[in-house]
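Biologist: Thanks for sitting down with me. Could you walk me through this fold, one question at a time?

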Amino acid sequence: MLLTVFLPEKLKMMNFYIDRSCALEAFNNYTANYDTGNLSTAVKIAHTYRVAEIAERIAGSISKANVDFSWLLGLLHDIGRFEQITRYGTFKDVLSVDHAELGADILFQDDLFDFFVSRGKLELEEFKKARSIAETAIRLHNKLRIPENMEAQTEMYTKILRDADKVDIFRVLTEPPYDELYNNLNDLCVRAEVMQCVNEHRCVPRTAGKANELETLIAQCCMAFEVEYPESHAIVIEQGYLKKLLNKNSAYLAVIKDEIIKSWETQNLGT
């Protein structure tokens with residue numbers, strides 16, 4: 001498949017060949033080195049495939065020329081998770097390592113990225129540019145904010161990947177082993193600093209900490225405030241996982257649901 005990156009007219013177009021079957025084979029070969037029979041690891045693999053598909057769909061809503069590279073970013077975005085769980089026995093970044101940084105180091109410092117792609121007709125400098133975009137998007141996919149004044153192409157792919165990841169996290173939270181964590185929320189309270197993020201329609205920073213399961217769930221649901229693209233919102237609504245989370249028995253979640261609806265209506269995105 002030949003990918004022509006969608007860019008503003010003032011920027012140069014780029015052709016980049018991605019063989020999806022080879023990329024999938026490389027991914028499967030890499031993950032085979034880990035305990036894929038472990039439920040948590042299997043969940044991350046399923047999440048990876050879905051993020052790739054969602055990224056492709058979001059990109060296609062902008063331009064069909066964006067889909068292959070966006071799909072590849074989805075496939076690679078959580079590559080650091082497998083080494084993280086092996087080294088530290090947890091997927092919690094605060095207890096181990098930033099999985100996005102670890103994954104980017106593995107892909108681009110250890111040159112694993114080159115196993116997933118073909119340089120094709122790209123000149124060396126163009127190929128380096130593609131690697132740079134991929135590295136930036138993967139390093140930033142889990143960050144609270146992205147830098148201002150990013151180069152337009154890099155910013156677009158970074159936002160597509162971040163959206164795709166957020167969208168599928170809502171699904172992950174409704175399935176084992178995470179679904180049972182959020183069944184007894186009614187008697188739990190939420191600190192004012194967390195509710196301030198809700199009222200201001202923004203994500204909850206990691207520095208705020210999570211005092212209990214309800215605050216953890218609220219922090220996850222607040223990602224809906226910062227989903228960028230209309231197609232991303234459409235997928236969230238279509239899938240219904242966020243609604244399922246927000247309908248759990250908690251007055252706080254009802255407040256968040258109202259604020260998300262208000263935020264999306266302001267953006268004319270509907271619910």
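**A walk through the model**

Modeller: Happy to, and please keep in mind that this is a predicted model.

Biologist: Where is Asp-111, and what is its phi?

Modeller: Asp-111 sits in the loop between α5 and α6. Most residues other than glycine have a negative phi. Asp-111 is not a glycine, yet its phi is positive, at about 65°.

Biologist: And Asn-149: is it buried or exposed?

Modeller: Asn-149 belongs to the loop between α6 and α7. Its phi is positive too, near 60°, and Asn-149 is a residue other than glycine. The cut-off for exposed is over 50%. With a relative accessible area of 78%, Asn-149 is therefore exposed.

Biologist: How are the axes of helix α5 and helix α6 arranged: roughly parallel or roughly antiparallel?

Modeller: Helix α5 covers residues 99-109 and helix α6 covers residues 124-140; their axes come within 8 Å and cross at roughly 160°. The crossing is right-handed. Angles over 145 degrees count as roughly antiparallel. The two helices, α5 and α6, are therefore roughly antiparallel.

Biologist: Which residues of α6 meet α5, and what classes of residue make the contact?

Modeller: From the α5 side come Ala-100, Glu-101, Ala-104, Asp-105, Leu-107, Phe-108 and Gln-109, and they meet Arg-131, Ala-134, Glu-135, Ile-138 and Arg-139 of α6. By class, the contact of α5 with α6 has 6 nonpolar, 1 polar and 5 charged residues.

Biologist: How many residues of α5 are buried, and what covers them?

Modeller: Helix α5 is mostly covered, with 8 of its 11 residues buried. Among them are His-99, Leu-102, Gly-103 and Ile-106. The cover over the buried residues includes α1 (20-31), α3 (67-76), α4 (80-88) and α6.

Biologist: Leu-107 has come up already. What is Leu-107 in contact with?

Modeller: Leu-107 is one of the buried residues of α5. It is also among the residues with the most contacts inside the largest nonpolar core, along with Leu-72, Phe-116, Ile-218 and Leu-242. Setting aside neighbours within four places in sequence, the partners of Leu-107 are Leu-76, Ile-79, Leu-112, Phe-113, Phe-116, Arg-131 and Ile-138.

Biologist: Which peptide bond is cis, and where does Pro-177 lie?

Modeller: Most peptide bonds are trans. The bond from Pro-176 to Pro-177 is cis, with omega near 5°. Pro-177 lies in the loop between α7 and α8 (192-199).

Biologist: What about α8 and α12: which residues make their contact?

Modeller: The axes of α8 and α12 come within 9 Å and cross at roughly 25°. That angle makes α8 roughly parallel to α12. The residues in contact divide into 5 nonpolar, 1 polar and 1 charged. They are Met-195, Val-198 and Asn-199 of α8, with Tyr-252, Val-255, Ile-256 and Glu-259 of α12.

Biologist: One last thing: how are the C-alpha atoms of Ile-261 and Ala-224 separated?

Modeller: Ile-261 is found in helix α12, residues 251-266. At 28% relative accessibility, Ile-261 counts as partly exposed. Ile-261 and Ala-224 are 37 residues apart along the chain, and their C-alpha atoms are separated by 9.9 Å.

Key
Residues are numbered from 1 along each chain as its sequence is written. This is a predicted model: local features need pLDDT of at least 70, side-chain atom pairs count only at pLDDT 80 or more; totals for chains, interfaces and linings use all residues. Side-chain values use heavy atoms; hydrogens and water are left out. A nonpolar core is a set of buried Ala, Val, Leu, Ile, Met, Phe, Trp, Tyr and Cys residues joined through side-chain atoms within 4.5 Å. Buried means under 20% relative accessible area, exposed over 50%, partly exposed in between (1.4 Å probe, protein chains only). Contact means heavy atoms within 4.5 Å. Axes are lines fitted to C-alpha atoms, for helices over the stretch in contact, and angles run from 0 to 180 degrees between N-to-C directions. Helices (H or I, at least four residues) and strands (E, at least two) are DSSP runs, numbered from the N terminus. Angles under 35 degrees count as roughly parallel, over 145 as roughly antiparallel, 65 to 115 as roughly perpendicular and the rest as oblique. A crossing is left-handed if the near helix is turned anticlockwise from the far one by less than a right angle, and right-handed if clockwise. Ala, Val, Leu, Ile, Met, Phe, Trp, Tyr, Cys and Pro count as nonpolar, Asp, Glu, Lys and Arg as charged, and the others, Gly among them, as polar.
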